[in-house]
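I opened this entry to look up helix packing and chain contacts. The notes follow in the order I took them.

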4 protein chains.
Amino acid sequence: MTTNAVVWGENVHEQNKPGVRELYPDGMHGTIAAALNADPAIRATTATLQEPEHGLTESRLASTDVLIWWGHTAHNAVADEIVERVIKRVWEGMGLILLHSAHFSKLFKRLMGTPGTLSYREAAERERIWVVNPRHRIAEGLGEYFTLEHEEMYGEPFAAPEPLETVFISWFSGGEVFRSGLTWRRGAGNIFYFRPGHETYPTYHDQMVHKVLRNAVKWAHTPQIAYSRVHQVPHVPVDMALEPIVDRNPKF
Amino acid sequence: MTTNAVVWGENVHEQNKPGVRELYPDGMHGTIAAALNADPAIRATTATLQEPEHGLTESRLASTDVLIWWGHTAHNAVADEIVERVIKRVWEGMGLILLHSAHFSKLFKRLMGTPGTLSYREAAERERIWVVNPRHRIAEGLGEYFTLEHEEMYGEPFAAPEPLETVFISWFSGGEVFRSGLTWRRGAGNIFYFRPGHETYPTYHDQMVHKVLRNAVKWAHTPQIAYSRVHQVPHVPVDMALEPIVDRNPKF
Amino acid sequence: MTTNAVVWGENVHEQNKPGVRELYPDGMHGTIAAALNADPAIRATTATLQEPEHGLTESRLASTDVLIWWGHTAHNAVADEIVERVIKRVWEGMGLILLHSAHFSKLFKRLMGTPGTLSYREAAERERIWVVNPRHRIAEGLGEYFTLEHEEMYGEPFAAPEPLETVFISWFSGGEVFRSGLTWRRGAGNIFYFRPGHETYPTYHDQMVHKVLRNAVKWAHTPQIAYSRVHQVPHVPVDMALEPIVDRNPKF
Amino acid sequence: MTTNAVVWGENVHEQNKPGVRELYPDGMHGTIAAALNADPAIRATTATLQEPEHGLTESRLASTDVLIWWGHTAHNAVADEIVERVIKRVWEGMGLILLHSAHFSKLFKRLMGTPGTLSYREAAERERIWVVNPRHRIAEGLGEYFTLEHEEMYGEPFAAPEPLETVFISWFSGGEVFRSGLTWRRGAGNIFYFRPGHETYPTYHDQMVHKVLRNAVKWAHTPQIAYSRVHQVPHVPVDMALEPIVDRNPKF
């Protein structure tokens with residue numbers, strides 16, 4: 001079974017910040033897709049904000065098993081129509097992996113029902129990511145922790161709903177903690193938020209991060225037919241009730 | 001400690017369906033508010049769709065501890081601005097109780113991140129509501145179950161997120177089940193969905209339903225100052241970090 | 001990847017109730033194992049109470065990916081030593097599927113920390129099992145519900161911890177409901193409780209039940225190395241701390 | 001409404017470690033009880049391992065609303081009979097607050113179904129406790145974090161079940177993190193685990209810790225009658241079913 005993954009990149013910092021372009025000449029999305037494609041069971045392609053329909057046409061989403069999302073400076077430039085389209089596919093069973101600053105994307109806020117707020121600091125400080133849920137599919141092959149020497153800090157409280165499971169918690173040099181790996185389900189769709197990934201640091205070149213991303217794609221993939229019923233509110237006529245009942249409504 | 005509750009009613013069926021007006025001459029909102037006011041620790045007032053700002057001004061919401069919401073036929077007539085205003089207050093800690101057809105309200109869908117779909121049937125059939133979480137605050141004073149002889153059926157699957165806790169599950173004569181009492185938290189706000197309450201049945205005159213509503217109001221009330229921090233994304237400067245760190249960012 | 005499943009049967013009713021023996025000439029465990037083996041990705045064998053060490057030696061459990069457990073009348077005959085042995089393997093990552101009257105087994109009570117109580121009735125009544133978590137791995141290939149025409153009733157409240165996810169809820173002819181499919185994790189082990197399966201009814205010959213069992217085995221299987229660290233409380237010496245710290249303990 | 005709290009102390013280190021006796025001349029249990037009694041709505045008393053029945057007679061537990069538990073070096077000296085007695089009361093609705101090294105008590109392991117393992121280090125290092133669930137009842141009156149300058153480190157992974165809610169997460173100087181405040185329900189009983197409290201440090205003299213303890217006691221208290229039904233498995237005869245059914249059992 002191959003998992004079709006689409007890595008969506010905002011692709012703005014890569015254009016307007018030379019340091020980011022140097023770090024990610026293929027874009028963060030390109031780097032992430034390459035890391036996913038290192039696994040023969042994943043077939044990853046990319047899409048960006050600048051493409052028509054942001055690269056996320058109805059037909060493309062229909063064949064997407066898992067969508068990975070990185071956005072930051074242009075959240076508001078994402079068309080509401082595309083956001084709704086993605087959300088509908090998540091409800092139908094498409095997996096969704098929200099990366100780093102996607103905590104403030106329209107997608108995250110709409111699917112979580114929370115504002116996604118947190119505190120932050122850019123000091124290229126050390127982040128140590130602890131696995132608090134050993135043997136969770138997303139933590140496969142990791143040790144007890146792994147370290148990103150240079151990362152942005154995100155601090156609690158993180159305005160996100162209580163998750164199904166907490167997979168990772170980060171320690172930061174400057175004194176904060178953060179729930180860095182959280183899972184939820186919305187409709188039939190599995191959702192994973194993964195904290196690291198500031199654009200000015202080499203996070204998406206890290207081998208442990210690659211493992212997490214590949215694991216998460218496989219975890220998020222639901223290989224069943226789309227759950228289109230999620231959009232419907234079926235009326236069950238009295239004479240089609242599963243148990244025999246009579247209509248006892250008053251006749252006004 | 002008194003809990004300030006506002007019962008919001010769409011107040012449309014009460015106007016255009018004679019049977020509903022007869023059943024609820026004070027409106028469903030009025031009946032519910034009276035049931036809440038039977039408890040000296042609750043001070044309940046009402047608000048309706050037809051009032052300016054739907055009766056939910058900034059100042060009124062600021063002094064509301066718990067909002068109860070009933071809507072059905074006019075979900076789309078609720079102004080987006082008011083929906084966002086209510087949501088912000090929920091995040092700050094205002095309790096929210098969503099009744100019956102509110103599963104399809106803008107409020108429910110925005111706070112849950114799911115479509116709120118389900119199946120339904122209007123046959124005035126028997127609903128037996130089982131307490132699956134005995135001694136939960138919301139189930140205080142109930143027995144193992146209570147019965148509503150005439151109700152609309154709502155059937156699973158209910159497209160709602162996995163709750164913090166399931167309090168009630170309903171059995172219907174026609175053969176369906178439904179998770180009739182579910183709790184969530186969004187930001188600092190406690191949220192409770194309570195299934196019963198179709199407009200053409202006397203549900204809101206039922207003594208057990210009254211108990212549930214009073215219990216839920218007390219459960220949802222968070223008597224702490226508003227959590228306004230939930231709207232902010234504070235930047236922590238390097239030199240104000242809690243632990244001494246240096247800025248290691250590359251200087252582009 | 002093949003999943004090694006062991007179906008453990010108490011195997012008492014099959015010996016002392018002629019009706020059960022006639023219904024399950026190979027034992028319920030044998031019938032279940034055969035249903036699992038219909039899937040080429042599962043290799044199921046059986047074990048019973050009467051075997052030495054109840055058929056669950058250290059070495060056998062070490063190579064077991066998922067254990068399925070059916071017990072009823074002889075819960076107390078299961079040796080505490082074997083119960084502890086199974087629990088240790090669950091913590092290390094072995095999947096566990098607890099069937100029907102296993103709600104009252106030592107295993108269930110020890111792993112849940114609750115008494116597992118419920119109400120019951122044997123009337124060969126209709127049970128309709130609703131899928132409340134569509135596209136969950138355990139519900140794959142099922143429709144919105146399936147029916148067991150003759151089953152024992154189990155009624156709420158079920159004294160079990162709030163689950164990670166509720167997968168199934170049952171409707172009974174006599175008026176009760178029950179959370180029939182619940183998931184938990186304990187240590188690295190996935191646990192699923194599945195309600196149906198009274199010994200005097202043909203439940204384990206049902207094709208839908210077979211699907212659930214096969215799905216559950218695959219869902220519960222964690223194909224990673226045993227999490228033996230779960231048994232340890234490692235001391236981290238000060239001079240091996242990940243960040244440089246000094247011992248500030250008072251020297252008494 | 002007054003909450004009857006019993007603070008149970010192992011009371012061994014206070015006897016055999018001079019430094020501990022000096023720090024806690026009234027015992028840790030005495031210090032904690034005094035902190036609770038500073039709130040007029042709480043009436044706290046103490047019990048210790050050395051008393052007959054460890055100070056936890058049937059009648060005393062019957063009138064206890066919330067039990068606070070500190071144990072460390074003598075977990076195995078706690079009689080199984082008393083452990084079972086306490087657990088039964090938790091299931092009936094008595095609140096339970098497990099402190100620090102109680103993660104390895106019989107009580108914790110029995111109620112959680114997990115081994116409670118973690119890593120540790122005694123270096124009197126800094127612990128910063130972050131509130132990740134603002135406005136949770138247990139976090140009332142705290143800021144975004146509070147600091148204990150000298151504490152033992154406990155590190156993840158913590159072998160405990162996924163909680164209902166995570167309230168606190170700790171940051172340690174030496175590089176670890178820990179989920180320091182977790183809630184669960186078992187039967188009708190609310191359970192809270194609170195990490196800090198090593199015997200050689202002045203943690204239980206800390207004003208913020210006092211607040212947490214008082215909050216937790218109030219949160220854990222369920223002012224409803226004991227849920228004794230939790231111990232029973234009632235049989236519902238066919239002719240007493242809530243809906244008319246006939247016995248369709250085969251007559252062997």
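**Helix pair in chain B**

I noted that α3(B) and α7(B) are roughly perpendicular to each other (angles under 35 degrees count as roughly parallel, over 145 as roughly antiparallel, 65 to 115 as roughly perpendicular and the rest as oblique). The axes of α3 (residues 27–37) and α7 (residues 207–220) of chain B cross at roughly 70° and come within 9 Å. Axes here are lines fitted to C-alpha atoms, for helices over the stretch in contact, with angles from 0 to 180 degrees between N-to-C directions. Helices (H or I, at least four residues) and strands (E, at least two) are DSSP runs, numbered from the N terminus.

I then listed the residues that touch, contact being heavy atoms within 4.5 Å. From α3(B) they are I32(B), A35(B) and L36(B), and from α7(B) they are H210(B), L213(B), R214(B) and V217(B). By class I have 5 nonpolar, 1 polar and 1 charged residues in the contact of α3(B) with α7(B). Ala, Val, Leu, Ile, Met, Phe, Trp, Tyr, Cys and Pro count as nonpolar, Asp, Glu, Lys and Arg as charged, and the others, Gly among them, as polar.

**Basis of the values**

The model is predicted: local features need pLDDT of at least 70, side-chain atom pairs count only at pLDDT 80 or more, and totals for chains, interfaces and linings use all residues. Residues are numbered from 1 along each chain as its sequence is written, chains are lettered from A and ligands numbered from 1 in the order in which they are written, and side-chain values use heavy atoms, with hydrogens and water left out.

**Helix pair in chain A**

I looked up α3 (residues 27–37) and α7 (residues 207–220) of chain A, whose axes come within 9 Å and cross at roughly 70°. On α3(A), I32(A), A35(A) and L36(A) meet H210(A), L213(A), R214(A) and V217(A) of α7(A). The classes for the contact of α3(A) with α7(A) are 5 nonpolar, 1 polar and 1 charged.

**Chains D and C**

I find 57 residues from chain D and 57 residues from chain C in the contact. The buried area between chain D and chain C is about 4,300 Å², 59% of it from carbon and sulfur atoms (accessible area, 1.4 Å probe, that two parts lose on being put together, summed over both). In chain D, the most area is lost to chain C by Y120(D), V233(D) and R248(D), together 14% of what that side buries.

Between chain D and chain C I have 2 salt bridges (a side-chain nitrogen of Lys or Arg within 4 Å of a carboxyl oxygen of Asp or Glu). R248(C) forms a salt bridge with E149(D), with the closest N and O atoms 2.9 Å apart. On the side of chain D that touches chain C, α6 (106–112), β5 (119–131) and β6 (145–155) of chain D each supply at least two residues. β5(D) gives the most to that side, with 8 residues. I recorded the residues of that side as 27 nonpolar, 15 polar and 15 charged.

**Chains A and C**

Here 26 residues of chain A are in contact with 26 residues of chain C. About 2,300 Å² is buried between chain A and chain C, and carbon and sulfur atoms give 45% of it. I find 8 salt bridges across the interface of chain A and chain C. E243(A) and R128(C) meet through their side chains in a salt bridge, 2.7 Å from N to O.
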